[in-house]
Amino acid sequence: MGRSIVREVATELFGEENARKMVRSLDIIGDIAIVKIPDEFLDKRFIFGERLLERMPYLKVILRQVTPVEGAYRIRSLEHIAGEDRKWTVYREHGIRIKVDVEKVYFSPRLSTERKRVMELVEDGERIVNMFAGAGPYTILIAKYKDVEIIHSIDINPVAIHYHLENIFLNKVSDKVILYRGDAGEMIERFIIGKADRVLMPLPEIALDYLGYAFKALNKRGWIHVYLHIPYRETWKEALEKARETVLNAVPPGWSVIEAKPHKVREVATRLLQVCVDTHVCRG
Ligand SMILES: C[S@@+](CC[C@H](N)C(=O)[O-])C[C@H]1O[C@@H](n2cnc3c(N)ncnc32)[C@H](O)[C@@H]1O
């Protein structure tokens, strides 16, 4: 519903073609909407923001995306254009609450279905490592619904860790999570060698470089969920096979693959697919 209203308001101000593109890049996180506005219409951004608030009273803040998602922390610069002067919100999905500053911490509502899919694969008693945890949506969802032994949740961004900690208490899962602020490889080397049954790697830009650490975290056998961005030519199905081969070629010596199942997460750009390869491995 939010999307069709944004499209109507954008069509009034910027024309149909621009409105269509703007809706594709729109993110609604809690009571905040994040919009991209073409440079030639920047003078109309405040009136656009005000009109969105009038038509969607459940939104309280409108932000404009100024830079792409970038850097190690995977964050973007945002300009406040209407509503309350804040960039934090509380987002609800699948019965959990995630508080997050949408400028200082990566968060994407587009991964909601994927997070639920991975949570449902987890079995009771598992020990899990989340190498790139952000404000904690995967960790909190798993801790909330599964009787896991422990989740080691790591992020290099101190602000992400701040919100992650708050989310642990907000969702009452403090008995199941240990938080680490630092580089995932370093934290595994120092504290988590051989302690896990399942490792999540939700950062496609560096997942392959860090795959060796995921193996080090595993005990004798377990699952690694490797997220990758894979380009394709004709159909997205090509990307699935490419992703699977990419992971198989990167398995370190001393490990065997029991199965490697590629799963389509979403299209991130034209002919670029985000894939999660669910990889079941054992030593030997
Ligand atoms: C794409 S975000 C995913 C966040 C979260 N899993 C989610 O779905 O919202 C990747 C996260 O990895 C963190 N990160 C980047 N490099 C890292 C590293 N070397 N070690 C640990 N965390 C890292 C970033 O700060 C960011 O929060």
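Is Arg244 buried, partly exposed or exposed, and at what relative accessibility? In this predicted model, Arg244 counts as partly exposed, at a relative accessibility of 28%, and Glu241, with 37%, falls in that class as well. The two residues form a salt bridge whose closest N and O atoms are 3.7 Å apart; they are 3 residues apart in helix α9 (residues 236–249), so about one helical turn separates them.

Side chains of opposite charge can pair when their charged atoms come close, and the structure holds 24 salt bridges. Lys116 is partly exposed at 32% relative accessibility, as is Glu120 at 45%.

A salt bridge between helices is found at Arg55 and Glu8, where the closest N and O atoms are 2.4 Å apart. Because Arg55 lies in helix α3 (residues 45–55) and Glu8 in helix α1 (residues 2–14), the pair ties together parts that are 47 residues apart in sequence. Arg55 is partly exposed at 35% relative accessibility, and Glu8 is partly exposed at 41%. Salt bridges with shared partners join Glu8 and Arg55, together with Glu12 and Arg51, into one network.

The surface also carries a patch of positive charge, in which Arg92, Arg97, Lys144 and Lys172 gather. Of these residues, Lys172 is placed in the loop between α6 (158–170) and β9 (177–181), and Lys172 is exposed, with a relative accessible area of 70%.

Methods:
Residues numbered from 1 in each chain as written. Predicted model: local features only at pLDDT ≥ 70, side-chain atom pairs only at ≥ 80, totals over all residues. Heavy atoms only, no water. Patch = residues over 30% accessible without salt bridge, like charges linked within 9 Å, V, L, I, M, F, W, Y side chains within 5 Å. Areas by Shrake-Rupley, 256 points an atom, 1.4 Å probe, with all protein chains shown as cover. Salt bridge = Lys/Arg side-chain N within 4 Å of Asp/Glu carboxyl O. Lys, Arg positive; Asp, Glu negative; His and termini not counted. Charge placed at Lys NZ, Arg CZ, Asp CG, Glu CD. Helix = DSSP H or I, 4+ residues; strand = E, 2+ residues; numbered from the N terminus. Buried < 20%, exposed > 50% of the residue type's maximum accessible area, 1.4 Å probe, protein only.
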